[in-house]
Amino acid sequence: MSSGIPMDRVVAVVLDSGAGDSQTGSGYLVGGRLVLTADHCVRDTNGQRTGELRVVRASDGAQAAASVVASSSAVDIAVLDLADAPWPAELAAPRY
């Protein structure tokens, strides 16, 4: 059974701390270089933005470093930029 969600747009959002541990959330590629995710996915358990962010694409495990370009804890949303993702920069507009 197909969920209708294109798996090449689904990513894990991984926050690697400097202490050797990590936490993982989810995100969605709304463009080749932009990910929509939750603000709590880009903060550590203390609510701080510490460590390194990266995304891992569900369809093939391809990875890219990420940086937060916009976020709001009030509505729990964040947008990530992927400067050097190994997939095409241009993706068709998402269909909802």
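Residues are classed here as buried under 20% relative accessible area, exposed over 50%, and partly exposed in between, with a 1.4 Å probe and protein chains only. By this scheme L36 is partly exposed, because its relative accessibility is 35%. The model is predicted, so local features need pLDDT of at least 70 and side-chain atom pairs count only at pLDDT 80 or more, while totals for chains, interfaces and linings use all residues. Residues are numbered from 1 along each chain as its sequence is written, and side-chain values use heavy atoms, with hydrogens and water left out.

The protein contains six strands and zero helices, where strands (E, at least two residues) and helices (H or I, at least four) are DSSP runs numbered from the N terminus. The order of elements from the N terminus is β-β-β-β-β-β. Along the principal axes, the C-alpha atoms fill a box of roughly 35 × 30 × 30 Å. The radius of gyration, taken over C-alpha atoms, is compared with a globule rule of 2.2 Å times the number of residues to the power 0.38. The value of 13 Å agrees with that of a compact globule, because 96 residues would give a radius near 12 Å.

Of the 96 residues in the protein, 30% are buried. Accessible areas were computed by the Shrake-Rupley method with a 1.4 Å probe, and for residues only the protein chains shown count as cover. The protein exposes about 5,700 Å², of which carbon and sulfur atoms supply 53%. Contact is defined as heavy atoms within 4.5 Å. Among contacts with a separation of 6 or more, 52% are between residues 24 or more positions apart.

In soluble globular proteins, nonpolar side chains tend to be buried together. A nonpolar core is taken as a set of buried Ala, Val, Leu, Ile, Met, Phe, Trp, Tyr and Cys residues joined through side-chain atoms within 4.5 Å. The largest such core has 18 residues, and those with the most contacts inside it are V13, V35, L53, V55, L80, L82 and W87. At least two core residues come from each of β1 (10–16), β4 (52–57), β5 (63–72) and β6 (77–81). Strand β1 supplies three residues, the largest share. Apart from neighbours within four places in sequence, V35 is in contact with V11, V13, G27, Y28, L29, V55, A78, V79, L80 and L82.

R57 counts as buried because its relative accessibility is 14%. Not counting residues up to four places away in sequence, R57 touches M7, D8, V10, V11, L29, A62 and W87.

Four salt bridges are present in the structure, each defined by a side-chain nitrogen of Lys or Arg within 4 Å of a carboxyl oxygen of Asp or Glu. One of them joins R54 and D16, with the closest N and O atoms 2.7 Å apart. This pair links distant parts of the chain, with R54 in strand β4 and D16 in strand β1, 38 residues apart. Both partners are partly exposed: R54 has a relative accessibility of 25%, and D16 has a relative accessible area of 22%.

D39 takes part in a salt bridge with R43 (2.8 Å, N to O) and in another with R49 (3.9 Å, N to O). D39 and R49 both lie in the loop between β3 and β4, so their bridge ties together parts 10 residues apart in sequence. Through shared partners, the salt bridges join D39, R43 and R49 into one network.

On the surface, L36, V75 and I77 form a nonpolar patch with about 240 Å² of accessible area together. Patches consist of residues with over 30% relative accessible area and no salt bridge, like charges being joined within 9 Å and nonpolar side chains (Val, Leu, Ile, Met, Phe, Trp, Tyr) within 5 Å. L36 belongs to strand β3 (residues 34–37).

The loop between β5 and β6 contains D76. Most residues other than glycine have a negative phi. In D76, a residue other than glycine, phi is positive, near 55°. D76 is partly exposed, with 31% relative accessibility.
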